[in-house]
Amino acid sequence: MIQKLKDYDFTLMITPILLSLFGMVMIYSASMVIAVVEGHESTYYLIRQMQWFVIGLSGFIFCCIFPYKYYQKLMKIIILVVILLLVGVLLFGNTINNAKSWFSFGPVNLQPAEFAKLGLIMYLASVYSKKQAYIKDFSKGVLPPLVLTVIILALIVLQPDIGTAAIIFLIACSVIFSSGIKFKHLFTLVAAGVVLLAVAIPNMVTDVRISRFTGAYQPFQAPDDGGYHLIQSYLAIGGGGLTGTGLGQSVQKLGYLMEAHTDFIMAIIAEELGFLGVIVVIGLLATIVLRGIFIARKCDDSFGALLAIGIASMVGIQAFINLGAISGVLPITGVPLPFVSYGGSSLLILMISMGILNNIAMNVKKQENEPANNIPNSKTINYSQSGGRTWQKQTR
Amino acid sequence: MKRVSAVTMKKRIVTVFLFGLIIFLVIVIRLGYVQFALGDELMGKANDLWTRDIVFEPERGLILDANNEVLAENVTAPSIIVTPRQITNPQETAEVLAEILDVSVDKVFENITKNTSSVMIRPEGIKISEEQELAVRTANLEGVYLAKDSKRHYPFDEDLSHVLGFAGIDNQGLMGLELFYDEKLKGEQGSLSFYSDAKGRRLDDLADIYSSPADGLNLKTTINTKVQSIMERELDLAVSRYDPDGALAIAVNPKTGGVLGMSTRPNFHPENYQDVEADVFDRNLPIWSTYEPGSTFKIITLAAALEENAIDLMEDEYHDDGDIEVGGSHLHCWKSGGHGHQNYLEVVQNSCNPGFVNLGQMLGTEKLFTYIENFGFGRKTGIDLQGEGNGILFKQENVGPVELATTSFGQGVSVTPIQQVMAVAAAVNGGYLYEPYIADEWIDPVTEEVVDKKKPNLKQRVISSSTSEEIRFALESVVAEGTGRPAYVDGYRVGGKTGTAQKVGKDGRYMENNYIVSFIGFAPADDPEIVVYVAVDNPKNTVQFGGVVAAPIVGTIIGDSLRTMGVEPRDDGPDKEYQWPEEPKVEVPELIGLTKDELTEYMLNLSVETEGKGEYIIDQAPAAGTKVEQGAEVRIYLSENDR
């Protein structure tokens with residue numbers, strides 16, 4: 001049941017850890033002033049991130065060895081927990097930055113939406129792999145799982161956490177697209193999503209959000225309003241040049257750039273380490289994402305493949321939304337940069353996801369290393385766990 | 001079916017892979033663009049954001065007179081700067097400061113609780129007095145600082161106030177020279193920029209940038225403080241003696257156009273300009289006011305006639321029977337019955353109106369008006385002060401015989417005092433019309449080098465030097481023998497011309513018994529060093545006649561000024577009509593039957609006391625023909641009805 005670690009994927013093992021460690025250095029650099037201003041020790045945020053990293057690392061190791069196929073069996077429980085958490089946070093949650101997105105246990109803040117991300121990826125991967133047989137059929141194959149997706153999205157939008165909702169929506173699109181549904185159906189879904197958004201947005205629109213949108217596209221027209229964060233971000237990035245001002249030398253982190261250690265950490269990296277630092281970080285992130293997709297491509301098991309795609313998409317989409325925001329391509333929605341930004345729930349989920357991805361990779365490698373005699377074995381597993389019903393239905 | 005689906009899935013996954021690759025590329029390109037393409041522009045903005053400037057105010061340039069006497073300087077007067085963040089008990093601090101500065105507690109409280117790094121309490125907390133400074137120091141309040149600051153000080157108090165103007169609370173020029181030359185006087189602010197965080201705290205590991213303030217240049221003017229003081233003194237005397245509506249005096253160097261002195265009544269103290277009405281400091285009368293010049297304008301007519309060789313002063317004669325018919329209407333001479341038979345020198349000496357009408361007619365409209373315009377009337381002289389008037393001339397196409405005639409003796413045109421001064425200066429200096437100016441040199445306050453020196457601006461040659469010489473001769477004889485005798489200065493050859501101008505009231509008609517009396521004089525007549533013009537608006541308790549009121553003032557100003565300027569006394573000039581010390585007695589003229597208006601140009605050096613009210617003189621004492629001492633009192637009795 002517990003897989004051996006000898007087939008571990010080196011890239012997927014080392015890259016997230018490198019990114020997280022680098023993230024902690026930058027979090028310390030970006031947050032020490034903020035921490036002191038807020039009345040803590042300068043290492044306040046660093047230590048908390050380190051603690052979360054240790055927890056995340058445990059999750060990572062556990063998920064490396066825990067066979068991913070069991071998630072399919074635990075699906076009902078996972079979904080139930082996710083929905084309970086999301087409903088619970090709406091009822092009992094803590095409001096930070098105008099969004100009721102957090103459970104606070106003393107100093108520890110948990111963000112259920114982060115868990116919902118992974119939960120939904122598992123769910124979609126599971127259902128669509130089971131429905132592979134009639135994936136081309138809209139009403140039978142495509143539609144039913146979407147009911148739960150919409151419910152989860154709605155719960156997150158209610159917090160409101162538009163950023164996470166958008167990420168989940170895009171991850172879902174990515175997984176559904178990869179599952180092989182007809183383009184016609186995909187377009188229908190996207191159109192439906194857009195209509196839903198069009199209905200939802202007028203109710204969701206607040207001045208703050210409008211100003212964030214206008215701020216993204218005309219930051220210098222409204223420097224004191226919505227454009228403030230983006231201008232500060234531009235100033236940080238522009239100040240870095242090719243090689244940056246040097247580690248710890250950022251000026252923008254000294255109160256100009258809000259959330260320097262969370263959503264805008266890449267701006268500080270750009271300022272202190274320059275474009276080269278940015279390239280390295282983006283390179284590492286791209287490595288994880290592309291490696292994840294590569295594994296999905298290799299994985300013969302459709303659940304594993306869709307799970308890998310979902311996880312890779314999650315990292316990629318979050319990185320895109322975060323970097324898009326700090327470089328003024330997208331509106332600022334408060335999405336952290338994967339692995340690098342300060343944030344416990346996010347890091348924990350990412351590390352767990354990396355563990356799962358590693359586990360899928362190990363499975364893929366095992367397939368390759370033990371070609372002939374093990375195929376029946378793996379087929380048996382497939383047959384009994386996921387492929388079973390599919391097979392039965394097919395043979396009928 | 002499953003296989004097909006799996007193949008589709010692999011294809012889709014490759015698509016996602018490519019899509020992901022593109023996304024990362026787009027982001028890298030965008031970040032590179034922000035970092036490099038926007039970089040420089042952004043750095044400028046970021047620098048502005050990061051740096052905090054401590055401003056170092058430059059020292060405002062001094063204003064000096066021609067002999068380096070200080071006319072405007074700076075004296076220390078600290079300002080209060082409050083750092084709200086450092087104040088622990090705003091209410092208490094506000095109360096203490098309000099007490100010291102004599103402002104409401106609310107105002108101070110509101111200021112010192114503002115959410116900024118530093119505030120000032122405007123305007124009470126700026127440039128505070130010594131007592132207030134001491135009180136603030138004694139109170140020793142947390143977060144309250146005294147910043148070195150200075151305010152403008154004018155050592156000569158009210159003297160030259162309209163010309164100097166004044167500077168405001170931020171040392172910005174608001175009026176006069178202070179305004180006109182504010183750019184050069186104010187200098188450049190310096191600053192100490194240090195990097196700081198968003199809360200304004202200083203970042204020590206980034207180097208400070210210091211740019212030193214550049215002090216304003218010192219302005220050396222053409223003003224001669226001694227001449228100015230004499231003018232101020234004489235105007236003060238005139239004000240106390242005549243209680244006029246206003247008065248003004250100008251002294252100009254005719255050889256350059258440089259202004260030696262300029263004064264206005266009512267005046268004000270530049271350091272307390274708020275104490276007077278804006279009309280008082282707004283109106284620098286010598287350049288602002290426009291009015292009919294009266295007889296002083298005859299100099300222009302005379303200059304035109306002489307330059308055009310229309311007459312010979314000595315040879316040609318004119319018979320004045322007290323009346324001249326122009327275009328069907330009769331213009332009277334100010335002396336009823338006329339001056340009789342005179343040569344043109346006597347016409348000038350007597351300021352005979354019909355004689356000048358005759359000159360104007362000889363010249364014709366076109367020529368006379370060309371001369372008037374050439375002498376600078378109808379347009380600004382270009383003096384380096386704000387608020388100069390244009391004056392008003394008849395439009396040539398509207399000039400009929402009557403307009404030509406009245407213009408010839410200074411009625412129906414409207415001019416500014418400075419225009420008259422510059423025109424007369426041109427008439428007597430050999431024919432050179434200069435632009436008047438006050439700012440002479442700009443001096444670097446540190447090296448004391450002259451950075452910029454004004455060259456006299458010759459606008460135009462208006463008459464020949466021989467014509468100019470004739471005018472000097474004619475005007476000298478006006479002072480020696482004619483209407484200008486009270487301006488005579490022993491030892492200096494003074495030339496000049498009286499003027500008595502009626503004022504136009506609000507209804508557009510001439511006002512009754514309300515004249516601007518003036519005299520324009522110059523000396524020495526052989527080589528003029530100074531042209532002085534004095535006008536007194538509606539003097540009371542006197543005959544409103546330029547020869548009586550203004551001429552002696554000009555005489556005193558010229559005499560005293562030339563002595564302080566070190567101009568050699570002359571002894572080759574024409575003598576006054578009598579010989580010193582045997583002062584001849586004056587024969588009291590027949591005044592009964594004259595109107596009061598006629599009297600204004602008649603009385604020479606007798607002082608007049610009036611009794612009763614009205615236009616007509618019905619009696620006089622002493623009687624006509626009585627010989628009296630010069631300056632003796634003649635009492636006249638007035639009535640509404642003629643005899």
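Figure 1. In chain A, residues 24 or more positions apart account for 73% of the contacts with a separation of 6 or more, in what is a predicted model. The secondary structure of chain A comes to 15 helices and three strands, and buried residues make up 55% of its 396 residues. Chain B, for its part, contains 19 helices and 30 strands, and 54% of its 643 residues count as buried. Among the contacts in chain B between residues at least 6 apart in sequence, 70% join residues at least 24 apart.

**Figure 2. Close-up of the crossing between helices α13 and α14 of chain A.** The axes of helix α13 (residues 302-326) and helix α14 (residues 344-369) of chain A come within 10 Å and cross at roughly 145 degrees, and the crossing of α13(A) and α14(A) is left-handed. On the α13(A) side the contact is made by Gly304(A), Leu307(A), Ala308(A), Ile311(A), Met314(A), Val315(A) and Gln318(A), which meet residues of α14(A) including Ser346(A), Ile349(A), Leu350(A) and Ser353(A). Sorted by class, the residues in this contact of α13(A) with α14(A) are 11 nonpolar and four polar, with no charged residues.

Figure 3. Over all chains the count comes to 18 aromatic pairs. One of them is formed by Phe268(B) and Phe281(B), which are arranged edge-to-face with 5.9 Å from centre to centre and 65 degrees between the planes. This pair links distant parts of the chain, with Phe268(B) in the loop between β14 (259-265) and α10 (278-282) of chain B and Phe281(B) in helix α10 of chain B, 13 residues apart; both Phe268(B) and Phe281(B) are buried. Another edge-to-face pair is that of Phe297(B) and Phe377(B), at 5.0 Å centre to centre and with 65 degrees between the planes. Here the partners are 80 residues apart, Phe297(B) lying in the loop between α11 (285-288) and α12 (298-307) of chain B and Phe377(B) in the loop between α14 (353-374) and α15 (401-408) of chain B. Phe297(B) and Phe377(B) are buried. In chain A, Phe62(A), Phe66(A), Tyr70(A) and Tyr71(A) form one aromatic cluster.

**Figure 4. Arg12 of chain B over two rings of chain A.** The charged end of Arg12(B) sits over the ring of Phe183(A), 4.3 Å from its centre. The charged end of Arg12(B) also sits over the ring of Phe177(A), in this case 4.9 Å from the ring centre.

Figure 5. Ile558(B), found in helix α18 (residues 546-564) of chain B, is buried, with a relative accessible area of 0%. Leaving aside neighbours within four places in sequence, Ile558(B) is in contact with Val494(B), Gly521(B), Phe522(B), Ala523(B), Ile530(B) and Val532(B). The C-alpha atoms of Ile558(B) and Pro524(B) are separated by 9.1 Å, although these residues are 34 residues apart along the chain. Ala98(B), in helix α3 (residues 90-101) of chain B, is buried with a relative accessible area of 4%, and it touches Val103(B), Ser104(B), Val105(B) and Val108(B) when residues up to four places away in sequence are not counted. Between Ala98(B) and Ile121(B), which are 23 residues apart in sequence, the C-alpha to C-alpha distance is 9.9 Å. Thr406(B), placed in helix α15 of chain B, counts as buried because its relative accessible area is 13%, under the 20% limit for that class. Outside the four places on either side in sequence, Thr406(B) touches Phe394(B) and Gln411(B).

Figure 6. The peptide bond from Gln159(A) to Pro160(A) is cis, with omega near -5 degrees, and Pro160(A) lies in the loop between α7 (144-158) and α8 (162-178) of chain A. In chain B a cis peptide bond joins Arg265(B) and Pro266(B), with omega about 0 degrees, and Pro266(B) is placed in the loop between β14 and α10 of chain B. Ser351(B) is not a glycine, yet it has a positive phi of about 55 degrees; Ser351(B) lies in the loop between α13 (344-350) and α14 of chain B and is buried, with a relative accessible area of 0%. Glu448(B), likewise not a glycine, has a positive phi of about 60 degrees. Glu448(B) is found in the loop between β20 (439-443) and β21 (450-453) of chain B and, at 64% relative accessibility, counts as exposed.

How values were computed
Residues numbered from 1 in each chain as written. Chains lettered and ligands numbered in written order. Predicted model: local features only at pLDDT ≥ 70, side-chain atom pairs only at ≥ 80, totals over all residues. Heavy atoms only, no water. Phe/Tyr/Trp six-rings, centres within 6.5 Å; stacked < 30°, edge-to-face > 60°. Helix = DSSP H or I, 4+ residues; strand = E, 2+ residues; numbered from the N terminus. Buried < 20%, exposed > 50% of the residue type's maximum accessible area, 1.4 Å probe, protein only. Lys NZ or Arg CZ within 6 Å of the ring centre and 35° of its normal. Axes fitted to C-alpha atoms, helices over the stretch in contact; angles between N-to-C directions. Left-handed = near helix turned anticlockwise from the far one by under 90°. Contact = heavy atoms within 4.5 Å. Nonpolar A, V, L, I, M, F, W, Y, C, P; charged D, E, K, R; others polar.
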